[in-house]
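This report describes selected local features of one structure, which is displayed below.

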Amino acid sequence: MAGLQAAIQLGRYQHKVLVIDGGHGRSTLCRSYHNILGYPSGVSGDELRLIGKKQAVDLGILFETAMAIHAEKQNGQFIIETDLNKRHAAKRLLLATGIMDTIPPFANLFPCLGISVYVCPDCDGYEVKEKKTVVIGNGNVGANMALTLTYWTKEIIYINHGGEDVDENLLNRLKVQNIPYINNRIVEVESQESQLKSYVLEGDVRIETNKSFLAFGGNKVKSDLASQLGVKLAENRHIDTDSRTKETNIQHVFAAGDVAVHSEQVTIAMGEGSQAAIWIHKSLLEEN
């Protein structure tokens with residue numbers, strides 16, 4: 001989303017822009033965003049991507065479906081190599097590579113993402129307001145998610161599918177909030193299309209629910225290209241940028257969206273994309 005928004009802004013400046021997109025990420029998994037201006041009934045990531053790509057193409061933006069696997073600087077330009085053995089040179093580089101959540105590989109879970117199964121309480125806590133909600137996660141991460149959700153609902157169950165130990169103080173806080181703690185593995189997810197129905201645990205125990213949150217931690221921050229260029233990373237491997245321009249410590253390398261240091265929201269990602277594009281344009285004007 002950050003990359004698409006930046007491309008649209010740069011296209012309106014009439015710059016020559018290439019978007020390299022692997023076609024798989026958080027936005028392709030989410031079946032419905034509910035907190036975006038103009039979409040009160042929700043909109044899928046795929047639909048937003050489709051609308052954004054058409055808008056960008058109409059402005060002359062070029063697209064390549066590939067994974068960027070290597071980046072280096074040569075003679076004042078950035079050289080990007082893709083997994084299709086193609087190399088591209090550019091005066092400016094925007095990294096909008098995002099992150100990927102840890103999602104257990106149950107096939108029935110993926111159609112539910114964004115509709116009845118969620119990963120971000122800031123985005124979708126509202127969707128479970130006063131509803132029975134099951135958190136599946138790992139150790140302390142899942143316990144903290146369960147406690148966070150008490151803002152919206154008091155009917156919460158935590159299934160520690162990952163099996164890591166939960167700190168004693170968190171177990172005590174779960175008890176105080178009357179949150180059942182189940183330290184057991186899930187063997188099957190039951191759903192009907194995009195609607196979650198239940199989790200089946202080892203020992204043939206079935207936990208029925210229509211709403212759920214995932215909280216496993218260990219999300220993959222896609223900052224490898226930044227590392228190759230010597231870009232400064234935070235301890236959690238997110239990319240550090242100037243808050244005004246979104247430029248990194250490496251001149252003419254910018255970053256926006258979930259890969260950068262910010263609250264992980266699609267609306268913020270889009271704003272950062274526009275912000276980076278404006279300052280990319282300014283830097284090109286200064287150079288000319």
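## Residues with positive phi

Gln 14 is exposed, with a relative accessible area of 75%; the term exposed denotes over 50% relative accessible area, buried under 20%, and partly exposed the range in between, for a 1.4 Å probe and protein chains only. Although Gln 14 is not a glycine, its phi is positive, at about 70°. Gln 14 belongs to the loop between helix H1 (2–12) and strand E1 (18–21). Helices (H or I, at least four residues) and strands (E, at least two) are DSSP runs, numbered from the N terminus.

Glu 193 likewise is not a glycine and has a positive phi, of about 55°. With a relative accessible area of 69%, Glu 193 is exposed. For context, most residues other than glycine have a negative phi.

## Basis of the values

The model is predicted: local features require pLDDT of at least 70 and side-chain atom pairs count only at pLDDT 80 or more, whereas totals for chains, interfaces and linings use all residues. Residues are numbered from 1 along each chain as its sequence is written, and side-chain values use heavy atoms, with hydrogens and water left out.

## The parallel sheet

An open sheet is formed by 5 strands in the order E8-E15-E9-E10-E11, with parallel pairing; two strands pair if DSSP finds at least two bridges between them. Strand E8 (117–118) and strand E11 (181–182) are at the edges with a single partner strand each, so one side of each has no neighbour in the sheet.

Strand E9 (residues 133–137) pairs with E10 over 4 bridges in the parallel sense, and Thr 133 has Ile 156 as its bridge partner in E10. Between E9 and E10 the chain passes through helix H5 (residues 139–148), a β-α-β crossover that is right-handed, meaning that, with the strands pointing away from the viewer, the path from the first strand over the helix to the second runs clockwise. Strand E10 (residues 156–159) is joined to E11 by 2 bridges: Tyr 158 is partnered with Tyr 181, and Ile 159 with Ile 182. A right-handed β-α-β unit is also made by E10, helix H6 (residues 168–176) and E11.

Within E10, Ile 156 and Tyr 158 point one way, Ile 157 and Ile 159 the other, and all are buried. In a regular strand the side chains alternate between the two faces of the sheet.

The buried residues of H5 are Gly 139, Gly 142, Ala 143, Met 145, Ala 146 and Leu 147. The elements that cover these residues include helix H4 (121–124), E9, E10, H6 and strand E15 (212–215).

## Aromatic and cation contacts

The structure holds 3 aromatic pairs. Rings of Phe, Tyr and Trp (its six-membered ring) pair if their centres lie within 6.5 Å; planes under 30 degrees apart count as stacked, over 60 as edge-to-face and the rest as tilted. Tyr 118 and Phe 213 form a tilted pair, 5.4 Å centre to centre with 45° between the planes. Tyr 118 lies in strand E8 and Phe 213 in strand E15, so the pair ties together parts that are 95 residues apart in sequence. Both Tyr 118 and Phe 213 are buried.

The charged end of Lys 53 sits over the ring of Phe 63, 5.1 Å from its centre; this requires NZ of Lys or CZ of Arg within 6 Å of the ring centre and within 35 degrees of the ring normal.

Key: Contact means heavy atoms within 4.5 Å.
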